[in-house]
Amino acid sequence: MAAATVGAGLASADFSDLRGIKKQLLDVAERSRERGLQHSGKWASELAFALDPLPLNELPPAPVLTEEDASDLDAYTLAKSYFDLKEYDRAAYFLRGCKSQKAYFLYMYSRYLSGEKKKDDETVDSLGPLEKGQVKNEVLRELRVELSKKHKARELDGFGLYLYGVVLRKLDLVKEAIDVFVEATHVLPLHWGAWLELCNLITDKEMLKFLSLPDSWMKEFFLAHIYTELQLIEEALQKYQSLIDAGFSKSTYIISQIAVAYHNIRDIDKALSIFNELRKQDPYRIENMDTFSNLLYVRSMKPELSYLAHNLCEIDKYRVETCCVIGNYYSLRSQHEKAALYFQRALKLNPRYLGAWTLMGHEYMEMKNTSAAIQAYRHAIEVNKRDYRAWYGLGQTYEILKMPFYCLYYYRRAHQLRPNDSRMLVALGECYEKLNQLIEAKKCYWRAYAVGDVEKMALVKLAKLHEQMNESEQAAQCYIKYIQDIYSCGEIVEHLEVSTAFRYLAQYYFKCKLWDEASACAQKCCAFNDTREEGKALLRQILQLRNQGETSSTEIATPFFLPSSLSANNTPTRRVSPLNLSNITP
């Protein structure tokens, strides 16, 4: 594949003729529906709906029929009615021998879907959702042989190339599949299904750079989508904002993708706000509502999650997303068996639904069923190797099983996918600590703090590590910074480790004979149940030493003040000498 720069802005894409774009979308939506590609048709229709209506004289004309189309029309019309009723074998039977591109595609696609349906039925009926079955779509190899011949003879149109790519992907011929999908986007740039399949095969930004993509406005939608998938959220949001500015501000697809992007960077308030706005615009929408339910779950918003679950049940109780929302609702109520049951239902409806596998893994973790959790997470990774939650879940599972080398491998994979997620770094640090690789652990904790520590634990863990290594100045430095951060962000000062920090600093300053500072920290210790007695004892010792005429040490002269809220009398505390972290910063 020839290399091409794909990271450019919208300068390369022409959005000046929105009417022309709408005509193209309406045309490809109709062509997709004719071939049974309902999701691609729906996507194009939704995007077309976001643009202004066309006047009567500018509506796209009816497609021109070729002689082959005319001769196959009766067979195609009959077969399409069978196809729509999911009678795939019957549809294929009546389409055999058809020559037109449209009828041939439907013939091959019917055979493919027939094989997929039989495979899914066999998987669900005989093996259960957690067992790793050897069930295959028996038709794939035949389809590959036939489509390969057509491909070599250059007889496949854009839709045919898309189907050939899908067959190759299903046979795990990833490189060949990528080449065919790229070719499909060149032949028919407006078919969203080909772009989406290509997106699912790209694992990193480097891979993306070497794709030779068509210079079409559709490429901008693809890039925004792949950036979201690759966790390049800033680039994705820039792309989506550019698309909104170009004229797609009413697109519910773009709004939902922006909400998903904010969900991925854990900007929960922003994501919730956008999802609520989306539900006002499209109240019967089910896509992405499982992501919305994840946000409600994280925020423990039981009434809202309950309402969402009931609402989706009324719309369609047998949708995968609905089952996941109900599963999240039961999980929030700590009814983990029921939650797992609904995630299993989701997988019976669609065994390749990524979110359900990952969420089911979480439920089995809650039920302490580690072997089932491992299987669920492994299935999630098979569906999508970019799912950092599954890698992270596997790491947690092996942590419970006290297998730190396994943990390290899985946490590393999760960290590669989310390099700026502090949770992955803290987990990696803990793993290194258990393996007694303390320098590596320090690097991880410091990096977790540097990228923005979500759970406010990295500094405490780093401080304890310094304590363990008898590096008291560095430990004190970390505890001071930790206390500053906790107070500055206005959190309740019942954070688990605040008392630990004050206790250490009180003892540290006491050893340094800095009575004022030790006294201030000891007084703060008295506010916590677990350190109250130690704080009182230290205050008595300080008072006794002062009465004996002991003077404060002046070794550490750098003045430093903790936030005024820490002390009623605003007692100044001095800081330990600045900590040089350059040797442990990764």
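Author: Let us begin with the covered residues of helix α19, which are Leu354, Gly355, Ala356, Trp357, Thr358, Leu359, Met360, Gly361, Glu363, Tyr364 and Met365. Buried means under 20% relative accessible area, exposed over 50%, and partly exposed in between, with a 1.4 Å probe and protein chains only. This is a predicted model, in which local features need pLDDT of at least 70, side-chain atom pairs count only at pLDDT 80 or more, and totals for chains, interfaces and linings use all residues. Residues are numbered from 1 along each chain as its sequence is written, and side-chain values use heavy atoms, with hydrogens and water left out.

Reader: How many of the 13 residues of α19 are buried?

Author: Helices (H or I, at least four residues) and strands (E, at least two) are DSSP runs, numbered from the N terminus. In α19, 11 of the 13 residues are buried, so that the helix is mostly covered.

Reader: Which helices do the buried residues of α19 pack against?

Author: Contact means heavy atoms within 4.5 Å. The buried residues of α19 pack against α15 (289-298), α17 (320-332), α18 (336-349), α20 (370-383) and α21 (388-400).

Reader: What comes after α19?

Author: Lys368 follows α19, and its phi is positive, near 65°.

Reader: Is Thr185 buried or exposed?

Author: Thr185, which lies in helix α8 (residues 174-187), counts as buried because its relative accessibility is 0%. Leaving aside residues up to four places away in sequence, Thr185 touches Ala194, Trp195 and Pro214.
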